[in-house]
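Grab a pencil and work through these exercises with the model open beside you. Each task comes with a worked solution.

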Amino acid sequence: MRRFAASVRATEPQLTALDQRVGDGDFGTNLMAGLDATVAALDKAAGSAATGRAARAGEPLQTAATAFLDGVGGTSGPLFGLLLEELAVAAAVPVLDVAVLRSGLTNGLAAIRRVGEARPGDKTLVDALCPACEALRVCPVEAGPRAALAHASRAAWEGVRGTARLRARRGRASYVGGRATGVPDPGAVGIGLLLSSAGGTVTALAPLLADPEAAEAE
């Protein structure tokens with residue numbers, strides 16, 4: 001979660017620029033607000049934690065879920081909060097493995113679709129979450145969490161790049177019609193950042209948004 005915050009902080013101007021083209025321009029600000037609140041709560045919990053007890057993975061995820069659900073406005077707060085909450089529920093176990101990640105991400109996707117009624121192809125964060133869930137579904141159970149999340153993040157970024165070709169049918173981008181075509185969905189980018197941050201801080205979006213096939217053709 002701390003790396004996710006660092007990734008969003010590093011790319012917030014780029015997130016804002018994307019959202020200015022398809023929405024209200026506040027996605028990066030809202031995401032950063034939720035993560036600032038998350039980090040502050042994690043710092044507070046670390047300072048008062050009982051010594052000698054290691055936190056389970058679900059605890060910081062639940063801290064983040066609460067920060068987003070209680071304190072972030074717009075569409076992004078509740079949706080990211082729901083995803084983080086389902087991940088927290090799944091991760092409230094002694095050992096984090098592929099099955100736990102698969103369950104949390106899949107249940108998070110279901111909760112988001114239930115609330116937002118978005119489907120794949122609507123140009124929303126669902127278009128990044130669906131391929132990430134599928135990647136975890138086929139990921140070998142013996143793979144470690146880091147390898148599984150790297151697999152999921154690659155699939156998510158493929159979905160992110162695919163949103164640039166879609167016409168929005170849900171969310172703020174649907175209001176601007178064809179003007180959103182060619183622009184990746186900011187919410188989907190946020191999902192990519194969340195998953196990629198498991199392996200390290202993301203400092204620039206351009207390499208992740210570039211079409212690999214186009215680069216090879218050049």
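**Exercise 1.** At what angle do helix H6 and helix H7 pack, and which residues make the contact?

Step 1: H6 (residues 126-138) and H7 (residues 145-163) pack at about 150°, their axes 7 Å apart. Helices here are DSSP runs (H or I, at least four residues), numbered from the N terminus. The crossing of the pair is right-handed.

Step 2: H6 brings Asp127, Ala128, Pro131, Ala132, Ala135, Leu136 and Val138, while H7 brings Ala148, His151, Ala152, Ala155, Ala156, Gly159, Val160 and Thr163. Contact means heavy atoms within 4.5 Å.

Step 3: Sorted by class, that gives eleven nonpolar, three polar and one charged residues.

A quick word on ground rules: this is a predicted model, where local features need pLDDT of at least 70 and side-chain atom pairs need 80 or more, while totals for chains, interfaces and linings use all residues. Residues are numbered from 1 along each chain as its sequence is written, and side-chain values use heavy atoms, leaving out hydrogens and water.

**Exercise 2.** Which residues of H6 are buried, and what do they pack against?

Step 1: The buried ones (under 20% relative accessible area, 1.4 Å probe, protein chains only) are Val126, Asp127, Ala128, Leu129, Ala132, Cys133, Ala135 and Leu136.

Step 2: Their packing partners are helix H4 (76-90), helix H5 (98-116), H7 and helix H8 (186-196).

**Exercise 3.** Is aspartate 122 buried or exposed?

Step 1: Find aspartate 122 in the loop between H5 and H6.

Step 2: Its relative accessibility is 2%, so aspartate 122 counts as buried.

Step 3: A polar atom of its side chain lies 2.9 Å from the backbone nitrogen of arginine 119.

Definitions and conventions
Axes fitted to C-alpha atoms, helices over the stretch in contact; angles between N-to-C directions. Helix = DSSP H or I, 4+ residues; strand = E, 2+ residues; numbered from the N terminus. Left-handed = near helix turned anticlockwise from the far one by under 90°. Nonpolar A, V, L, I, M, F, W, Y, C, P; charged D, E, K, R; others polar. Buried < 20%, exposed > 50% of the residue type's maximum accessible area, 1.4 Å probe, protein only. Polar contact = N/O pair within 3.5 Å; in protein donor to acceptor, adjacent residues only side chain to side chain.
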